[in-house]
Amino acid sequence: QVQLLESGGGLVQAGGSLGLSCAASGSIFRPNVMGWYRQAPGKQRELVAAITSGGNTNYADSVKGRFTISRDNAKNTVYLQMNSLKPEDTAVYYCSLKGIKSEYWGQGTQVTVSS
């Protein structure tokens, strides 16, 4: 019923910036949390940042000060602005939408940071 579509991934140099976008379509109920997770080769998926429908945010320590998550509730879209990128940020980034009784995931978008 709910589908998430990520966009904005790509290849960037260390120190560069990249912006990700995720648009949710379908029946979106609130309250909910939209967020970004990432999974690097050989590693477990980890939370990068999350934002509630009320605007509260949470970031992984590794990205604090570099990444900014935001959302547009009218468009059911969440964004992740990534600055000062590091090679360690290389991963597949997944968008998620979590409601009270539901959870949805996007297909993932590759972010590669070269040195």
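Modeller: Here is a walk from the disulfide out to the strands and the core around it.

Keep in mind that this is a predicted model. The structure holds one disulfide, and its partners are Cys22 and Cys95, with sulfur atoms 2.0 Å apart. Cys22 belongs to strand β3 and Cys95 to strand β9, so the link ties together parts that are 73 residues apart in sequence. The turn about the S-S bond is -80 degrees, which makes the link left-handed. Are the two cysteines buried or exposed? Both Cys22 and Cys95 are buried.

Ala91 has a relative accessible area of 2%, so it counts as buried. Leaving out residues up to four places away in sequence, Ala91 touches Arg38, Gln39 and Ala40, and also Thr109, Gln110 and Val111. There is also a C-alpha separation of 9.4 Å between Ala91 and Tyr37, two residues that sit 54 apart along the chain.

Thr109 counts as buried because its relative accessibility is 12%, under the 20% cut-off. What does Thr109 touch, once neighbours within four places in sequence are set aside? The list is Glu6, Gly9, Leu20, Ala91, Val92 and Tyr93. With Gly9 there's a polar contact to point out: a polar atom of the Thr109 side chain lies 3.3 Å from the backbone nitrogen of Gly9.

Tyr93 leads on to the largest nonpolar core, which has 29 residues; Tyr93 is one of the four that touch the most other members, along with Trp36, Leu80 and Met82. Strands β9 and β11 each supply at least two residues of this core, and so do β3, β4, β5, β7 and β8.

Not counting residues up to four places away in sequence, its contacts include Tyr93 and Trp36. Among the others are Leu18, Gly19 and Leu20, then Val48 and Ala49, and then Phe67, Thr68 and Ile69.

Last, a word on rings. A search of the whole structure turns up one aromatic pair. Separately, Arg45 has its charged end over the ring of Trp105, 4.9 Å from the ring's centre.

How values were computed. Residues are numbered from 1 along each chain as its sequence is written. This is a predicted model: local features need pLDDT of at least 70, side-chain atom pairs count only at pLDDT 80 or more; totals for chains, interfaces and linings use all residues. Side-chain values use heavy atoms; hydrogens and water are left out. Buried means under 20% relative accessible area, exposed over 50%, partly exposed in between (1.4 Å probe, protein chains only). Contact means heavy atoms within 4.5 Å. Rings of Phe, Tyr and Trp (its six-membered ring) pair if their centres lie within 6.5 Å; planes under 30 degrees apart count as stacked, over 60 as edge-to-face and the rest as tilted. A charge sits over a ring if NZ of Lys or CZ of Arg is within 6 Å of the ring centre and within 35 degrees of the ring normal. A polar contact is a pair of N or O atoms within 3.5 Å; within protein, one must be able to donate a hydrogen and the other to accept it, and residues adjacent in sequence count only if both atoms are side-chain atoms. A nonpolar core is a set of buried Ala, Val, Leu, Ile, Met, Phe, Trp, Tyr and Cys residues joined through side-chain atoms within 4.5 Å. Helices (H or I, at least four residues) and strands (E, at least two) are DSSP runs, numbered from the N terminus. A disulfide is a pair of cysteine sulfur atoms within 2.5 Å.
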